[in-house]
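Hi,

Here is the structure I promised to pass on. My notes follow below it.

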Amino acid sequence: LIATKYNMAHTVSRSIYQTSVLYWNYLLAVKNLKEYTESLHRTEKILKQVRILIDKNVRPRADIEQILASLSSKQSTVFRGEQEVVAGKNNLANFIGLYCSEYNKISFPVTDFPKVYEAFLNKLVLKTNEIIE
């Protein structure tokens with residue numbers, strides 16, 4: 001009976017842990033996508049400015065090739081980021097037991113990553129052996 005109780009507590013703890021990990025992965029994918037999109041918009045802005053300079057014969061036409069390559073790379077990164085967001089959402093929904101038709105019940109993450117308190121972590125590292133015991 002006691003062993004079953006411990007097994008149950010362990011199973012619940014693992015489920016909570018896994019759900020948390022999947023949530024943080026989903027949040028990371030959303031944050032990464034935002035950064036990728038902002039980077040793409042900055043590159044598009046640079047492209048417009050370089051085209052103006054090329055039209056005014058201030059910069060050589062060859063300069064645009066590098067920017068177009070960068071733009072293409074950033075577009076690919078945004079697409080990959082979008083796929084990561086969908087995968088993160090689907091993984092979380094699947095793990096908590098939602099059916100495919102219910103996946104839209106999972107909204108964008110609303111909780112940000114917790115703050116890291118370095119002083120606390122340093123104390124924790126110093127007490128590693130004590131915690132293990």
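Helix 2 (residues 63-95) has 33 residues and spans 49 Å from its first C-alpha to its last. That is close to the 48 Å expected at 1.5 Å a residue. The expected span is 1.5 Å times one less than the number of residues. Helices are DSSP runs (H or I, at least four residues), numbered from the N terminus.

This is a predicted model: local features need pLDDT of at least 70, side-chain atom pairs count only at pLDDT 80 or more, and totals for chains, interfaces and linings use all residues. Residues are numbered from 1 along each chain as its sequence is written, and side-chain values use heavy atoms, without hydrogens and water.

The buried residues of helix 2 are Ile-64, Ile-67, Leu-71, Thr-77, Val-78, Gly-81, Val-85, Gly-88, Leu-92 and Ala-93. Buried means under 20% relative accessible area, exposed over 50%, and partly exposed in between (1.4 Å probe, protein chains only). These buried residues pack against helix 1 (2-55); contact means heavy atoms within 4.5 Å.

Ala-69 also lies in helix 2. Ala-69 counts as partly exposed because its relative accessibility is 46%. Ala-69 and Ser-20 are 49 residues apart in sequence. In space they are 38 Å apart, C-alpha to C-alpha.

Two backbone points remain. Asn-57 is in the loop between helix 1 and helix 2. Asn-57 is not a glycine, yet its phi is positive, about 60°. At 69% relative accessibility, Asn-57 counts as exposed. After helix 2 comes Gly-97, with a positive phi near 95°.

Best wishes
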